[in-house]
Amino acid sequence: MRNIFLLLTAFLINFNFSIAQKKAKGNYVLVIHGGAGTILKSKMTPEKEQAYRAALQKALETGYAEIKAGKSSVDAVEATIHVLEDDPHFNAGKGAVFTHDGHNELDAAIMEGKTLSAGAVAGVRTIRNPISAARAVMDKSEHVMLTGAGADQFAKEAGLEIVDPSYFFTQDRWDNLQQALKEDSIKAKKNSGSNDDPTPYDTSETILSQNNKYGIINTDQKFGTVGCVALDLYGNLAAGTSTGGMTNKKYNRIGDSPIIGAGTYANNNTVAVSCTGWGEFFIRCTVAYDLSAMMEYKGMSVKNAGKAVIDKVGKLGGSGGLIALDKNGNMTMPFNTEGMYRGAVTKDGKIEIYFYKN
């Protein structure tokens, strides 16, 4: 009897999968990114390229297995991003960059397209997988975004895995911070006219940007933010994004990733979007929602709308990229940088992975 039940369950899942395939005109069910930026083949070692490829492959396989098993698009997005958050190659979770003060402050958001429910956390320091905290905000609270110590406390009460902040330490990210602090010190010396040798730990001077504003201009050569968009067997879209932010960021700066409509958005009527790049510009352009609006109100294709919003970011001086998957299974992955770690899986399980511009 049990075997008959299992066979019937498998049949129904495969039947639903076939029906969903027939409904969708496009070919894709899940798309991911691992960040955009100065990603050049000439600077990539075979070992490093293989490591990134393996991580993207594992993430795509994980998400596809969720979709194939009849799980929700939200389940698929969360599981996929877990893989990337646990891999130190990406600026999310374990591989998060350091702030100016030597901490790791992580942001994440998730949204499902059926009801437009969403959740986000920002500036968290002790949550192993911030994407799960974002989902907990969506599923278990009356709110959309929680920040800082309050978000950490909420995650603990929600039963999520809490880690010591030292969990997020990686030597490469620490070295990147030291280099950024050294550059800050050099700028301070130039501004003061001092001839003293700068030290990479000299953070006493307040550095103004070239526009005479507080904060930092992004100097990261790669935005390692991770993201996933998915379309499940039931026609529901979901999007998620997770990031460690910007190296040497100050004042509890928050970028676009946890901002619904800027770095993350999903709507069953149109598209699911996850962005990566210089967050301030993506916020100002409300990139993720703008892409959806272009499709809904102007009837643009996901490909044309994706190109249009990235062009807007570029015209303002920003850089980055995005992934988008529409309600029919059509996808696009535009960016205006030298490369973007990205991949997709088709409804029949074919995996595609790309790094470079061409």
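Q: Which strands does helix 9 touch?

A: Helix 9 (residues 302–316) packs on the sheet and touches strand 9, strand 10 and strand 11. The direction of helix 9 makes about 160 degrees with that of strand 10.

Q: And in what order do the strands of that open sheet come?

A: The order is 8-9-10-11, with antiparallel pairing. Strand 8 (264–266) and strand 11 (331–332) are the edge strands, each pairing on one side only.

Q: How many bridges join strand 8 and strand 9?

A: Three, in the antiparallel sense; strand 9 covers residues 271–277. Within this part, Ala-266 stands opposite Ala-272 in strand 9.

Q: Okay, zooming out: how many helices and strands are there in the protein chain?

A: The protein chain has nine helices and 13 strands. Of its 358 residues, 56% count as buried.

Q: Which element has the lowest mean pLDDT, and which the highest?

A: Helix 1 (residues 2–23) has the lowest, at 47, while strand 8 has the highest, at 99. Over residues 4–13 the pLDDT is below 50, and this stretch has four contacts in the model beyond near neighbours in sequence. Where pLDDT is low, the predicted coordinates should not be read in detail. For the protein chain, the mean pLDDT is 88, and 83% of the residues reach 70 or more.

Q: New topic: how many aromatic pairs are there?

A: The count comes to 11 aromatic pairs. One of them is Tyr-52 with Phe-90, edge-to-face, 5.4 Å centre to centre and with 80 degrees between the planes. This pair links distant parts of the chain, 38 residues apart: Tyr-52 is in helix 2 (residues 46–68), and Phe-90 is in the loop between helix 3 (73–85) and strand 2 (106–112).

Q: Why does Tyr-52 count as buried?

A: Because its relative accessibility is 4%, and buried means under 20%. Phe-90 is buried too, with a relative accessible area of 0%.

Q: What about Tyr-341 and Phe-355, how are they arranged?

A: They form an edge-to-face pair, 5.1 Å centre to centre, with 85 degrees between the planes. Tyr-341 sits in strand 12 (residues 339–346) and Phe-355 in strand 13 (residues 351–356).

Q: Which residues do ring pairs link into a cluster?

A: Tyr-52, Phe-90, Tyr-341, Phe-355 and Tyr-356.

Notes: Residues are numbered from 1 along each chain as its sequence is written. This is a predicted model: local features need pLDDT of at least 70, side-chain atom pairs count only at pLDDT 80 or more; totals for chains, interfaces and linings use all residues. Side-chain values use heavy atoms; hydrogens and water are left out. Two strands pair if DSSP finds at least two bridges between them. Helices (H or I, at least four residues) and strands (E, at least two) are DSSP runs, numbered from the N terminus. Contact means heavy atoms within 4.5 Å. Axes are lines fitted to C-alpha atoms, for helices over the stretch in contact, and angles run from 0 to 180 degrees between N-to-C directions. Buried means under 20% relative accessible area, exposed over 50%, partly exposed in between (1.4 Å probe, protein chains only). pLDDT is the predictor's confidence in each residue, from 0 to 100. Rings of Phe, Tyr and Trp (its six-membered ring) pair if their centres lie within 6.5 Å; planes under 30 degrees apart count as stacked, over 60 as edge-to-face and the rest as tilted.
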